[in-house]
Each structure stands twice: as C-alpha cells, then as structure tokens.
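Could you walk me through this structure, one part at a time?

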Amino acid sequence: MAPIYGQVVAGPPGSGKTTYCTGMEEYLRLLGREAFVINLDPANEVPKQLLGNSRSKPEEKASEKEDAENLLPYEPLLDVCDSIVNLSSVMDQLGLGPNGGLVYCMEYLEAHVDQLVEMIQERVAEYDNPYLLFDLPGQVELYSHSKAVPRLLAKLVKILDLRLVTIQLIDSHYCTEPANFLSASLLGTTTMLRLELPTVSVLSKVDLLANYGPLPFSMEYFTECHELDRLLPFLQQGGGFQQQDEFGAEELNGDYDYTDDPDYQAARIRTRMSPFFRKHEKLHKVLAEVIDEFGLLSFLPLDISSAESVGRVLARVDKCNGYVFVDHGTSKTQDLFQCAVQSEHTSNYEAIADIEERLAASRENQHENQQPSKRIDTIFEREQNNKSSD
C-alpha cells in the first residue's frame with residue numbers, strides 16, 4: 001500500500017482550525033488532489049438542523065435526528081462525533097466538565113484506535129491517492145499534560161503509513177498582546193516537541209490584523225520569532241500596544257500628552273517597582289529565553305481567503321512531508337505547482353510587505369477619521385485661551 005500524505009491541524013481554540021481545513025480542502029481539490037477532512041475533535045459538534053418540527057415530542061425527535069443535516073463547513077470523510085465518541089455524551093453520562101471530558105474522549109479514541117483505523121481504511125480504499133486533513137481539538141491540556149494525542153497520532157502513522165505534517169495555527173491577534181504572544185509561542189514550541197512531527201507554524205487571520213491595533217515592531221519580527229525579550233517593556237501596558245502608536249497619546253487627548261503628567265509617571269514607577277510586576281516580568285523573561293533557546297519557531301502569515309497565501313503554506317507543507325518529491329501520476333496542473341514549489345524562495349518578503357501595506361493604510365484611515373475631532377478640540381482650546389487673555 002502506498003503511503004498516505006496529509007496534515008494534522010492543531011492550535012488554540014478560536015485560531016481557525018476548522019476554517020483552515022475547509023479552505024485547504026477546497027484548494028487541494030482545485031489542484032486535482034483527492035483531499036478529505038477527518039474530524040478528530042470530539043467537541044467539534046456543530047448543531048444539527050432538524051428537518052422536522054422543532055417542537056416535536058422527545059420520542060419523535062429520535063427519529064428526526066436520523067434525518068438531520070450536518071452543518072459542518074466541510075463534508076468530513078470521518079467524524080468521530082458521529083462514529084465513535086463525542087463530548088456532550090461523555091459530559092452527560094460521566095458528569096465531567098469540558099476539559100476533563102475532552103481528555104477522556106481522546107483517551108477513548110486512543111484505546112479504540114483499531115476501530116478508527118478500520119473506518120479510515122474503508123473510506124479511503126476507493127481512492128488512488130487520498131490526501132487527509134486531520135482536524136484536532138485545541139485545548140491546551142491535550143498538548144501540555146496529556147499524552148493521548150501524541151500516542152494516537154503515532155499509532156495512526158505506524159498502522160496507516162501516514163506522511164503527516166503538523167499545522168500549528170496561532171491567531172495573529174496575539175501579535176498585538178505581548179503576554180499572549182509569548183504564551184502562544186511557548187504552546188507552539190511545546191506542541192512541536194510533544195507531537196514529534198514536522199511542523200509548519202502559521203499566523204492565521206492576518207487579513208483581520210489591521211482591525212486589532214498597532215504593532216510595536218514590523219511583521220517580520222513576529223514571523224521570525226527571535227529576541228522575544230524585546231516584548232518585555234510592553235508588558236506594563238496590561239494588554240496591547242495601543243499606547244505605543246506612532247501617533248502617540250496626543251491623538252486620543254488633543255494636544256495634551258498625559259504621559260508627561262507627574263502623577264502618571266509616578267504611578268508607572270510604583271507599578272514597575274511592585275513585587276507582583278517584577279515577578280510577572282521575570283516570568284515572561286524566562287519564557288522568552290526558553291523559546292529563543294529552542295529556536296524552533298518561525299511563522300508563515302496566512303489569509304485563508306487568498307489563494308496565493310494558501311499556496312505558500314501548502315508549498316512549505318509539501319516540502320516537509322516529501323509529497324513534492326514523489327511522482328503521483330498527477331495532472332499537468334499539479335506538475336506545474338510542484339515545479340513552482342521546488343523553485344520557491346524561502347523568504348516571505350512579499351507576503352510580509354503586503355501585510356505591512358495593509359496595516360499602514362488602516363492606520364492612515366484611522367488617523368484621518370480622528371483628525372476632525374482633534375481640530376475641534378484645538379479650536380475650542382484657542383478660544384478659551386483668548387478669553388482668558390482678554
């Protein structure tokens with residue numbers, strides 16, 4: 001049996017794993033590949049749309065459920081929620097919470113891996129070169145404490161002869177919050193070490209980055225993920241980098257810069273000298289050192305609605321799992337894509353430049369929208385000054 005190539009999609013909750021699987025599946029099928037999604041997330045239970053009356057009696061709903069329409073954004077080749085185990089049933093029957101129930105579900109999948117393998121083999125048997133996308137759950141406990149997910153993937157790789165690459169998705173919104181970006185980077189490093197698979201780390205939702213706020217450094221700094229200790233001075237702001245906007249505090253407060261206020265400066269000094277802040281800063285400094293010492297992380301920016309951006313991620317994936325170096329008897333379209341992958345430059349200059357251009361345009365628009373109110377405040381202050389001088 002020929003090896004099966006695929007991707008394992010991981011990342012924190014809300015990072016866009018299901019959206020990525022949907023977009024990547026469509027892109028792969030446009031290239032002529034037989035791509036399918038396998039949902040391994042027992043908590044990925046999208047509500048079913050019942051075809052009957054919603055006010056039906058309980059005994060009638062049981063029969064209506066069989067005719068329910070699945071509202072997942074993709075059509076899964078295999079959905080563990082329907083075929084093996086799901087989180088809601090575990091929580092109801094065992095009285096577990098969401099996190100404990102999900103850990104139990106993944107351990108249950110590991111214990112019944114033979115059943116899972118048999119189902120996958122039955123569904124891919126009719127295809128010549130299936131390409132699989134595994135949608136994983138995002139709870140941190142599954143990668144930081146539990147070993148169920150790594151062991152499950154190791155068994156699938158061994159039995160099915162899989163050639164997998166982990167796609168580690170991180171929401172680009174974390175780039176505007178120093179503490180969250182450090183935490184996400186640590187989680188990304190931990191996931192790489194625990195899963196023991198080739199990994200492509202991705203900053204998702206970059207098309208929305210302009211709506212999140214200003215960045216303290218260029219986008220290239222976050223994609224390279226080096227010298228993270230440079231983020232430490234921004235921790236005292238308790239969130240994002242809004243106070244470090246290039247337009248300054250004057251943009252929010254007319255001509256008055258509150259950072260020059262003595263009381264404000266004294267409050268900042270008291271905050272920085274407090275025991276809690278010093279321990280907080282020391283902790284993040286150690287986390288930054290750990291991430292830098294491993295030196296495993298670098299991110300690819302991804303706009304799932306852009307075919308060029310998705311293709312750039314797929315090019316990196318095909319190099320990692322070796323798909324590009326094997327003759328699959330594919331169409332001319334795929335052959336052209338493989339040639340492009342082999343000659344691909346390792347730099348992300350074009351993608352980063354495009355993101356920087358979007359951010360600059362967004363800041364200019366925000367600045368222009370705030371100018372009228374600033375001019376009104378300035379005129380009002382001048383009138384007050386003239387009255388006081390008279």
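This is a predicted model: local features need pLDDT of at least 70, side-chain atom pairs count only at pLDDT 80 or more; totals for chains, interfaces and linings use all residues.

Which residues of H6 are buried? They are Val113, Leu116, Val117, Met119, Ile120 and Val124. Looking down the axis of H6, you will find these buried residues within an arc of 160 degrees, so they line one face of the helix.

Now step back to take in the whole protein. Its secondary structure comes to 15 helices and seven strands. Of its 390 residues, 43% are buried. If you take the contacts between residues at least 6 apart in sequence, 77% of them join residues at least 24 apart.

Next, follow the strands. All seven form an open sheet with parallel pairing, in the order E3-E2-E4-E1-E5-E6-E7. At the edges stand strand E3 (78-79) and strand E7 (299-301); each has a single partner strand, so one side of each is left without a neighbour in the sheet. Strands of a sheet pair through backbone hydrogen bonds, either parallel or antiparallel.

Some of these pairings can be traced residue by residue. Strand E2 (residues 34-39) and strand E4 (residues 130-135) run parallel and are joined by six bridges. Along this pairing, isoleucine 38 stands opposite phenylalanine 134 in E4. On to strand E1: five bridges join E1 to E4, again in parallel, and here the partner of valine 8 is phenylalanine 134 in E4. E1 also runs parallel to E5, with seven bridges between them; one of the residues to look for is tyrosine 5, whose bridge partner in E5 is arginine 163.

Is E1 mostly covered or mostly open? It is mostly covered, as seven of its seven residues are buried. In a regular strand the side chains alternate between the two faces of the sheet. In E1 both faces are covered: Ile4, Gly6, Val8 and Ala10 are buried on one side, and Tyr5, Gln7 and Val9 are buried on the other.

Helix H8 (residues 148-160) lies across strand E1 (4-10), E4 and strand E5 (162-171), and runs at about 150 degrees to E5. Helix H13 (residues 307-321) also packs on the sheet, where it touches E1, E4, E5, strand E6 (199-204) and E7. The direction of H13 makes about 140 degrees with that of E5.

Let us turn to helix H9. This helix has 18 residues and reaches 26 Å from its first C-alpha to its last, close to the 26 Å expected at 1.5 Å a residue.

Phenylalanine 181 leads us to the aromatic rings. The count comes to eight aromatic pairs. In one of them, the rings of phenylalanine 181 and phenylalanine 222 have centres 5.1 Å apart and planes at 90 degrees, so the pair is edge-to-face. This pair links distant parts of the chain, with phenylalanine 181 in helix H9 (residues 178-195) and phenylalanine 222 in helix H10 (residues 219-224), 41 residues apart. Phenylalanine 222 has another ring partner in tyrosine 221: their centres are 5.2 Å apart and their planes at 85 degrees, so this pair is edge-to-face too. Tyrosine 221 is buried, with a relative accessible area of 8%, and phenylalanine 222 counts as buried at 0%. Phe181, Phe217, Tyr221, Phe222 and Phe299 form one aromatic cluster.

For a last stop, find histidine 280 in helix H12 (residues 275-294). With a relative accessible area of 25%, histidine 280 is partly exposed. Histidine 280 and leucine 232 are 48 residues apart in sequence, while their C-alpha atoms are 10.0 Å apart in space.

Conventions:
Residues are numbered from 1 along each chain as its sequence is written. Side-chain values use heavy atoms; hydrogens and water are left out. Two strands pair if DSSP finds at least two bridges between them. Helices (H or I, at least four residues) and strands (E, at least two) are DSSP runs, numbered from the N terminus. Contact means heavy atoms within 4.5 Å. Axes are lines fitted to C-alpha atoms, for helices over the stretch in contact, and angles run from 0 to 180 degrees between N-to-C directions. Buried means under 20% relative accessible area, exposed over 50%, partly exposed in between (1.4 Å probe, protein chains only). The arc is that of the directions from the helix axis to the C-beta atoms. Rings of Phe, Tyr and Trp (its six-membered ring) pair if their centres lie within 6.5 Å; planes under 30 degrees apart count as stacked, over 60 as edge-to-face and the rest as tilted. The expected span of a helix is 1.5 Å times one less than its number of residues.
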